[in-house]
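The sequence and the structure are shown first, and the description follows.

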Amino acid sequence: MLTTQYVPGAPNWLDLGAPDLDAAVAFYGGVFGWTFSSAGPDAGGYGFFQLDGKTVAGAGPLTEEGASPAWTVHFHSSDVDALAKTVEQAGGTVRFGPCDVFTAGRLAGFTDPAGAEFAVWQPGDVQGMELAGASNAVCWTELHTTDAAAAKDFYRTVFGWETVDNVMGEHLVYTVASPTGTDPNGDAGHAGIMQLPAENVAAGSTSEWHPYFAVEDCDATVAASTERGATVVVPPEDAEGIGRLAMLLDPFGAPYALLTPSPR
């Protein structure tokens with residue numbers, strides 16, 4: 001589960017690019033109880049989803065040419081510029097930046113070798129999300145990729161992640177990642193990596209990162225989501241030792257997942 005004790009390589013920010021920001025604010029406000037606060041007149045419409053006065057994510061209109069609605073996971077870095085060079089050397093590409101975001105921090109967006117987009121946030125005045133690992137906030141991140149082996153090598157090179165493979169069922173391998181020097185099977189785990197099945201790729205699935213939001217009742221939150229226009233990709237199901245989870249597309253097509261964690 002994620003926390004707000006950010007260390008290099010750990011997720012520290014999350015934001016949504018939406019074609020209709022007002023509709024997105026209404027959707028997520030109805031599902032999670034979030035409010036929205038503008039970042040100001042010079043922020044191009046960007047602002048912050050908040051819960052009980054704490055920022056849980058950012059959101060703004062789509063700005064990149066050809067961009068699709070999506071949640072973008074950001075990872076902590078103490079030197080975005082140096083990391084951008086590492087990304088390119090490891091076979092990834094720079095989509096934008098590095099650039100300063102006022103005095104809040106320094107930002108860059110990347111694409112990994114299999115096509116999954118992610119970003120990096122170097123904190124300035126803003127360290128990251130103010131709430132994580134709590135109900136109605138992000139609790140986990142996950143990569144679905146067309147090449148899990150290459151993805152593990154890439155992210156280990158870029159962020160120094162520790163990884164461990166967990167065999168689930170006959171064929172599914174789920175890789176858990178954590179910051180360098182930590183135990184991926186311990187509380188420091190922050191991301192999962194999964195190989196997309198060949199039939200999904202043939203049907204058009206592509207590599208992508210998405211967030212998990214912790215909820216008190218997965219089934220009820222799925223119902224609240226679909227009532228507001230979301231589409232169910234994976235219906236609620238139990239995962240032993242993890243909890244009850246589901247995956248959806250919001251009304252604009254951005255993937256996200258829900259998790260009601262098992263009691264510890």
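Arg244 and Asp219 form a salt bridge whose closest N and O atoms are 2.6 Å apart; the term denotes a side-chain nitrogen of Lys or Arg within 4 Å of a carboxyl oxygen of Asp or Glu. Because Arg244 belongs to strand 15 (residues 243-249) and Asp219 to helix 5 (residues 218-227), the pair ties together parts that are 25 residues apart in sequence. Helices (H or I, at least four residues) and strands (E, at least two) are DSSP runs, numbered from the N terminus.

The model is predicted: local features need pLDDT of at least 70 and side-chain atom pairs count only at pLDDT 80 or more, while totals for chains, interfaces and linings use all residues. Residues are numbered from 1 along each chain as its sequence is written, and side-chain values use heavy atoms, with hydrogens and water left out.

Arg244 also meets the side chain of Asp238 in a salt bridge (3.1 Å, N to O). Elsewhere, Arg106 pairs with Asp100, with 3.0 Å between the closest N and O atoms, and a network of salt bridges links Asp81, Asp100 and Arg106. A search of the whole structure finds 7 salt bridges.

The table gives the relative accessible area of several residues; buried means under 20%, exposed over 50%, and partly exposed in between (1.4 Å probe, protein chains only).

| Residue | Relative accessible area | Class |
|---|---|---|
| Arg244 | 25% | partly exposed |
| Asp219 | 35% | partly exposed |
| Asp238 | 60% | exposed |
| Asp100 | 54% | exposed |
| Leu172 | 33% | partly exposed |

An open sheet of 8 strands has the order 2-3-4-1-5-8-7-6, with mixed pairing; two strands pair if DSSP finds at least two bridges between them. Its edge strands, each pairing on one side only, are strand 2 (35-38) and strand 6 (93-101). From one strand to the next, the twist averages 30°; axes are lines fitted to C-alpha atoms, for helices over the stretch in contact, and angles run from 0 to 180 degrees between N-to-C directions. Helix 2 (residues 80-89) packs on the sheet and touches strand 6, strand 7 (105-111) and strand 8 (117-123), contact meaning heavy atoms within 4.5 Å. The direction of helix 2 makes about 10° with that of strand 7.

Within the sheet, strand 1 (residues 11-18) and strand 5 (residues 70-76) run antiparallel and are joined by 6 bridges. Trp13 stands opposite His74 in strand 5.
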